[in-house]
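Work through the exercises below with the model in view. Try each task before reading its solution.

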Amino acid sequence: MQSNRLLRVAARRMLIISNVINRTMTTASWDSNLRYLTGANTSKHERILTFHPRTIITDLFQDNKLQDELHRLTSCRTILQYFNHNRHYYDIPAIVTSFLKLRQNIDNSYSLYHQDNFQLLCKMAYQKLVLFNNDEFISICTSLAAFINSDRYITGRALIQLINHIHKNAVQRYPSLNNSQLSHMAWCLIQYSPIPQLDNKQYLQQLAEATQHRIATLNDPVHIAKLMWALSKDRLCLNVFQQLQLQAIENIHKFNPVSISMVCYSLALFDSRSEQLLTAIENRMLAIIDTLDPQSIANIAWAFAKLNWFNDHIFMLIKERTLDSIIKRALRPQSITNIIWAFASLSFDDQELFTAACRHFLLNHHHYNVNDVCQLIYSLGKMNFKPDSTAREKIFPIVIGKLENLMHQQHPRTSKFYKLLISAIWSLIIMEQFPSRLISYVLSDSFIKDATQHISHIEASQLFQIDLAVILESGDSTIQCLSLRNKRKFLQAFCTVNTSLSSLEQKVVPAIHQLVNGDKYYRLQVPTPFGYSIDIELLLDKDKNLIPINDILPAPTSRDDNVETKISSVITQVVSESMFYYASKNLKIRNDIYVLISRTYTDYERIAIEIDGPIHFAYKSNRFLGHSVMKTRHLSLLGWRVIRVNPVLRMERAQESFRSPSLSQKENI
């Protein structure tokens, strides 16, 4: 009798369910449910009456093969449609499986966040989150991390609520998570970091505290690498990070290529130059060099460059593997540009590698995003690399087109956007390219106003050089220049005069002093009204004889003395016929602008001697870097004859180059 009563109650429950879902169930589904309800297991019927979501829903639909059906679906659209039709039957395993299937079938053309069914799935997940076991919890965290990694512009209240609940629930779970789950949670938290509504630092701090309690048990390279990566993102908990480094050193013999690249990446982000760990990584790399995959090689090269850690042998191996991978098309554009940037950052001049990168770009430019393009062009400009004429005709229009697309993007503009765009245009100008629309855009008042809070001293200096290059070199009067107020502001950023002599200058100056017979013939560390400083300045008369420079050109009191007059005014009279003739005939000075040098002496020739240390040259090369080439061009246009002293030359040759005609049989300098 009691069994019959239980069956009647269960039947009423089933009727309620069928009315709620508003869909026609198949005969097989009814048969499955009836078989279950008419079973002889009374204890199971009693469990049905509790209506717990992890019992009745799971049990009722085991025979309907809900999970099997989910596993057969192969697109985000069909997965969400299936959820919409069956969501009233979804239990926690079905929710987890749905997220897993969505992760496996991410389609960038399908806007997942904007789908109502996806938001309903997120809402169902956070309502039942406390019922997830640790494996299910980590699975759904991983799926969300994959979604965010695919599309960082997160929308939808339910999704934000779910991630918030995950953060709070994770803190309670940390003590019960094993090392693998904890390290995986660390990886997920990093993926959530772009979400502005979350206080990610707080949760990473709590992760660091949980990590500290189990440091001694962490001996798996993957766990160590993921935890180091998480803490490096915001440079949190230095003491915990250092303890993880010690664990990495102790277990370095277990590290595989992926773990090595993650640890290197973490050290670079944290800016932690642990020589002991980096040396151990180098030795491990050499031991497993044949197993290093192209992506790991790219990450390691980038990290070594960020840490200014250079090893000839390692980078030659990286070069060889990179060239081989480019031929085999085994590298993504991002990996190639990371490697090129690493070589450029360390001033490692390898023409073969840069040529291969340019060739790859020409053949695959449709796969390069704007970040890749900016990184590539910055590296080429920094190294003063000049593609052959055929490649130049093709590369620059493609690059400029992609940068103009970036200029018109409507996404929220981050610091990275402003820095990438400014550095890319600066690099194009080094390579004597003057895209008028791009330059006018970055020099406009509206762009400067928006960019000011995002850019550093470096980008401010680049903006000033861009403006100066437009005036001196472009030959295009349609390009908009910096306003007077911004000229003054960025001139101050650009002025970086060293009041003390470098060790190289200290060796050269006494020789100059002896050759010219006293300090009245030269000046040291000369500031100019245009931001550049000159190491040594001399003055020659028409007969190429040295004359006392301080008697003719009084030393400037300051760089910004009368800056408005010296830099920004349009002068109606040509300040120097000889200089203007030279500039207009050879270097395309703008016809409507004449730059006023501090004073004009048509009877004198001003000599700028630049004593170039290693920072001006590529590594183990006499090839000048881009910033030195630009300075030489600009000083020449501004009226100086530039003589550059290569530190690898013998002092005797340097002295011979500086010898005055009046002191050495009237030879020309």
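## Exercise 1: The sheet

Strand 2 and strand 3 (residues 605–611) run antiparallel and are joined by 5 bridges. This is a predicted model: local features need pLDDT of at least 70, side-chain atom pairs count only at pLDDT 80 or more, and totals for chains, interfaces and linings use all residues. Residues are numbered from 1 along each chain as its sequence is written, and side-chain values use heavy atoms, with hydrogens and water left out.

**Task.** Work out in what order the 4 strands form the sheet.

**Solution.** 

Step 1. Start with the terms. Strands (E, at least two residues) and helices (H or I, at least four) are DSSP runs, numbered from the N terminus. Two strands pair if DSSP finds at least two bridges between them.

Step 2. Ile536 has Ile609 in strand 3 as its bridge partner.

Step 3. Move to strand 1 (523–527). Strand 1 pairs with strand 2 in the antiparallel sense, over 4 bridges. Pro527 has Ser533 in strand 2 as its bridge partner. The two strands form a hairpin with 5 residues between them. In its turn, Gly531 has a positive phi of about 95°.

Step 4. Strand 3 and strand 4 run parallel, joined by 6 bridges.

Step 5. The 4 strands form an open sheet, 1-2-3-4, with mixed pairing. Strand 1 and strand 4 (640–645) each have a single partner strand, so they stand at the edges and one side of each is left without a neighbour in the sheet. From one strand to the next, the twist averages 40°.

## Exercise 2: Around strand 2

**Task.** Is strand 2 largely enclosed or largely open? Then find the helix that lies across strand 2.

**Solution.** 

Step 1. Count buried residues (under 20% relative accessible area; exposed is over 50%, partly exposed in between; 1.4 Å probe, protein chains only). In strand 2 (residues 533–540), 8 of the 8 residues are buried, so the strand is largely enclosed by the rest of the structure.

Step 2. Look for the helix. Helix 32 (residues 626–637) lies across strand 2, strand 3 and strand 4. Helix 32 runs at about 150° to strand 4. Axes are lines fitted to C-alpha atoms, for helices over the stretch in contact, and angles run from 0 to 180 degrees between N-to-C directions.

## Exercise 3: A loop residue

**Solution.** 

Step 1. Lys520 is in the loop between helix 28 (503–516) and strand 1.

Step 2. Lys520 counts as partly exposed because its relative accessibility is 45%.

Step 3. Lys520 and Pro548 are 28 residues apart in sequence, yet 5.3 Å apart in space, C-alpha to C-alpha.

## Exercise 4: Two helices

**Task.** Describe how helix 22 (residues 389–407) packs with helix 23 (residues 415–430).

**Solution.** 

Step 1. Their axes are 11 Å apart, at an angle of about 155°. That makes helix 22 roughly antiparallel (over 145 degrees) to helix 23.

Step 2. List the meeting residues. Phe396, Val399, Ile400, Leu403 and Leu406 in helix 22 meet Phe417, Leu421, Ala424 and Leu428 in helix 23.

Conventions
Angles under 35 degrees count as roughly parallel, over 145 as roughly antiparallel, 65 to 115 as roughly perpendicular and the rest as oblique. Contact means heavy atoms within 4.5 Å.
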